[in-house]
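Student: I would like to learn how the terms are applied. Can we take them one by one?
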Amino acid sequence: MLTERQGERLPEWLDAVRQDDLPRLHTLATGSNRDREAVLAGLTLPGNSGVVEGHVNRIKMLKRQMFGRAGFGLLRKRVLLAT
């Protein structure tokens with residue numbers, strides 16, 4: 001379902017999860033059902049936010065490296081000048 005972009009199989013997967021005795025998957029299924037449109041879009045559409053997540057991860061790493069050392073101005077310069 002994930003690798004082959006088969007979002008149309010989501011309802012049958014949710015039904016199968018509800019019938020199993022796995023409480024943590026029940027929580028996942030409930031949350032997925034609440035945001036059904038977004039989950040279906042994520043399972044069917046080709047776009048993703050991988051590039052954005054990579055930049056966020058890089059910025060968080062820079063922030064952790066500078067914790068307690070300097071103010072926002074220096075952090076801003078490092079983020080803008082980092083390659």
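Student: What makes the link between the side chains of Gln6 and Arg9 a polar contact?

Tutor: The two side chains are 2.8 Å apart. A polar contact is a pair of N or O atoms within 3.5 Å; within protein, one must be able to donate a hydrogen and the other to accept it, and residues adjacent in sequence count only if both atoms are side-chain atoms. So 2.8 Å meets the cut-off.

Tutor: First, some ground rules. This is a predicted model, where local features need pLDDT of at least 70, side-chain atom pairs count only at pLDDT 80 or more, and totals for chains, interfaces and linings use all residues. Residues are numbered from 1 along each chain as its sequence is written, and side-chain values use heavy atoms, with hydrogens and water left out.

Student: Why is the pair Asp15 and Arg18 called a salt bridge?

Tutor: Their side chains meet at 3.0 Å, N to O. A salt bridge needs a side-chain nitrogen of Lys or Arg within 4 Å of a carboxyl oxygen of Asp or Glu. Therefore the pair qualifies.

Student: How are Asp15 and Arg18 placed in helix H1?

Tutor: They are three residues apart, which means about one helical turn. Helices are DSSP runs (H or I, at least four residues), numbered from the N terminus.

Student: Why is Asp15 called partly exposed?

Tutor: Its relative accessibility is 40%. Buried means under 20% relative accessible area, exposed over 50%, partly exposed in between (1.4 Å probe, protein chains only). So Asp15 is partly exposed. Arg18, at 43%, is partly exposed too.

Student: What makes Glu12 and Arg9 a salt bridge?

Tutor: Their closest N and O atoms are 3.7 Å apart. The whole structure has two salt bridges.

Terms used. Helices (H or I, at least four residues) and strands (E, at least two) are DSSP runs, numbered from the N terminus.
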